Amino acid sequence: MPSDNVTPFRRRPPPKPVQRGGGLTSHRGKAVLAQALTLAAFGLSFVFAAPPLSYIAMAVAIAGGAVALSNRAEAMPWAQTHHEHALRTLIIGYAILTLASLLIFISGSMLIVYFYVQIAVTIWAALRAGIGLVLAIMRKPIWNPRGPLV
């Protein structure tokens, strides 16, 4: 008698594929990617403020928004909070930066005000997306994704 107790007429079930949590097809991977792209978008927009290179930051922000928006409805409940959080961070942050850049067109002497606003928005977004990134790695939901801070 064989020791594995398999009859000759019944096949073994195929082994289940092992899915690790870091792939881009998992809910965790998509949530981490959305938070990482949000963090990178604001970091690049601070580093590359001049128009030819600022398009790199804009492309990363659009990619982060597309990832967050496309996966928001079909994700797990904890991952939905991360997609909502990343999308709101991108929209609110870039809206504030756009309104602050209008100050330059109103008066050229407001350039220093825009610089300080850009520093404040970058710190706010880095804290917000950094905390979201850590929580996404741990598969924990964001407590208040629609709140102004975390």
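# A tour of the helices and their core

Select helix 1 and helix 4. Their axes lie 9 Å apart, and the two helices pack at an angle of about 165°. Angles over 145 degrees count as roughly antiparallel, so that is how helix 1 and helix 4 run relative to each other. Their crossing is left-handed. Keep in mind that this is a predicted model.

**Next stop: the core.** Select Ala34, Ala41, Phe42, Ala68 and Leu90. These are the residues with the most contacts inside the largest nonpolar core, which has 15 residues. Which helices supply it with at least two residues each? Colour helix 1 (27–47), helix 2 (51–70), helix 3 (77–106) and helix 4 (111–137): each of them does.

Now centre on Ala68. Leaving aside neighbours within four places in sequence, Ala68 touches Ala34, His83, Ala86 and Leu87. Another core lies apart from the largest one. This other core has five residues, among them Ala31, Trp78, Ala79 and Ala136.

**Next stop: the rings.** How many aromatic pairs are there? The count is two.

Phe42 sits in helix 1 and Tyr94 in helix 3, so the pair ties together parts 52 residues apart in sequence. Is Phe42 buried or exposed? Phe42 is buried, at 2% relative accessible area. Tyr94 is partly exposed, at 22% relative accessibility.

For the other pair, move to Phe115 and Tyr116. These rings are tilted, with 6.0 Å centre to centre and 55° between the planes. Phe115 is partly exposed, with 38% relative accessibility. Tyr116 is exposed, with a relative accessible area of 54%.

**Last stop: Thr81.** Go back to helix 3, where Thr81 is found. Thr81 has a relative accessibility of 16%. Buried means under 20%, so Thr81 counts as buried.

What is Thr81 in contact with, leaving aside its neighbours within four places in sequence? Select Pro141, Ile142 and Pro145 to see these contacts of Thr81. Then draw a distance between the C-alpha atoms of Thr81 and Pro141. The separation is 6.0 Å, although Thr81 and Pro141 are 60 residues apart along the chain.

Conventions:
Residues numbered from 1 in each chain as written. Predicted model: local features only at pLDDT ≥ 70, side-chain atom pairs only at ≥ 80, totals over all residues. Heavy atoms only, no water. Core = buried A, V, L, I, M, F, W, Y, C linked by side-chain atoms within 4.5 Å. Buried < 20%, exposed > 50% of the residue type's maximum accessible area, 1.4 Å probe, protein only. Helix = DSSP H or I, 4+ residues; strand = E, 2+ residues; numbered from the N terminus. Contact = heavy atoms within 4.5 Å. Phe/Tyr/Trp six-rings, centres within 6.5 Å; stacked < 30°, edge-to-face > 60°. Axes fitted to C-alpha atoms, helices over the stretch in contact; angles between N-to-C directions. Parallel < 35°, antiparallel > 145°, perpendicular 65-115°, else oblique. Left-handed = near helix turned anticlockwise from the far one by under 90°.
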